[in-house]
Amino acid sequence: MGDMFFNGLYPYVDLDAGGSLHGVIEAADLARELALGQRVRLSGDPRRKDRDDYGRLLRYVRLPDGRLLNAELLRRGVARVFTRYPFGRMDEFLALEAEA
């Protein structure tokens, strides 16, 4: 899904939203609603390399209003944190996931 919009995946967030096709569609729809047609800023995490083992670009996606798209997907309950590899915003993202 992330490749469609940003030529890379959303880092550290599992967009399957629980493993269902409905969850993928819901997450994609929300990402499109928040970011389509917007100029976004992509930034890396100083604790992680730029690409994962599959060559996918790992980035935080900053919306024009300053919010992180990654965090918004978590806050709204359509994404989950991928905890296999540590990253700089892991605690913040886990808290957002728990609140959703």
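Does aspartate 29 count as buried, partly exposed or exposed, and at what relative accessibility? Aspartate 29 counts as partly exposed, at 37% relative accessibility, where buried means under 20% relative accessible area, exposed over 50% and partly exposed in between (1.4 Å probe, protein chains only). The model is predicted, so local features need pLDDT of at least 70 and side-chain atom pairs count only at pLDDT 80 or more, while totals for chains, interfaces and linings use all residues. Residues are numbered from 1 along each chain as its sequence is written, and side-chain values use heavy atoms, with hydrogens and water left out.

A search of the whole structure finds eight salt bridges, each a side-chain nitrogen of Lys or Arg within 4 Å of a carboxyl oxygen of Asp or Glu. One of them pairs aspartate 29 with arginine 32, with the closest N and O atoms 2.3 Å apart. These two residues are three apart in helix 2 (residues 21-35), and are therefore separated by about one helical turn; helices are DSSP runs (H or I, at least four residues), numbered from the N terminus. Arginine 32 is partly exposed as well, at 31%.

Arginine 67, partly exposed at 29%, meets aspartate 65 in a salt bridge (2.7 Å, N to O). Glutamate 72 also bridges to arginine 67, at 3.4 Å between the closest N and O atoms, although glutamate 72 is buried at 5%. Through shared partners, salt bridges join Asp65, Arg67, Glu72, Arg75 and Arg76 into one network.

Turning to helix 3, leucine 73 lies there and is buried, with a relative accessible area of 0%. Leucine 73 and leucine 30 are 43 residues apart in sequence, yet 7.4 Å apart in space, C-alpha to C-alpha.
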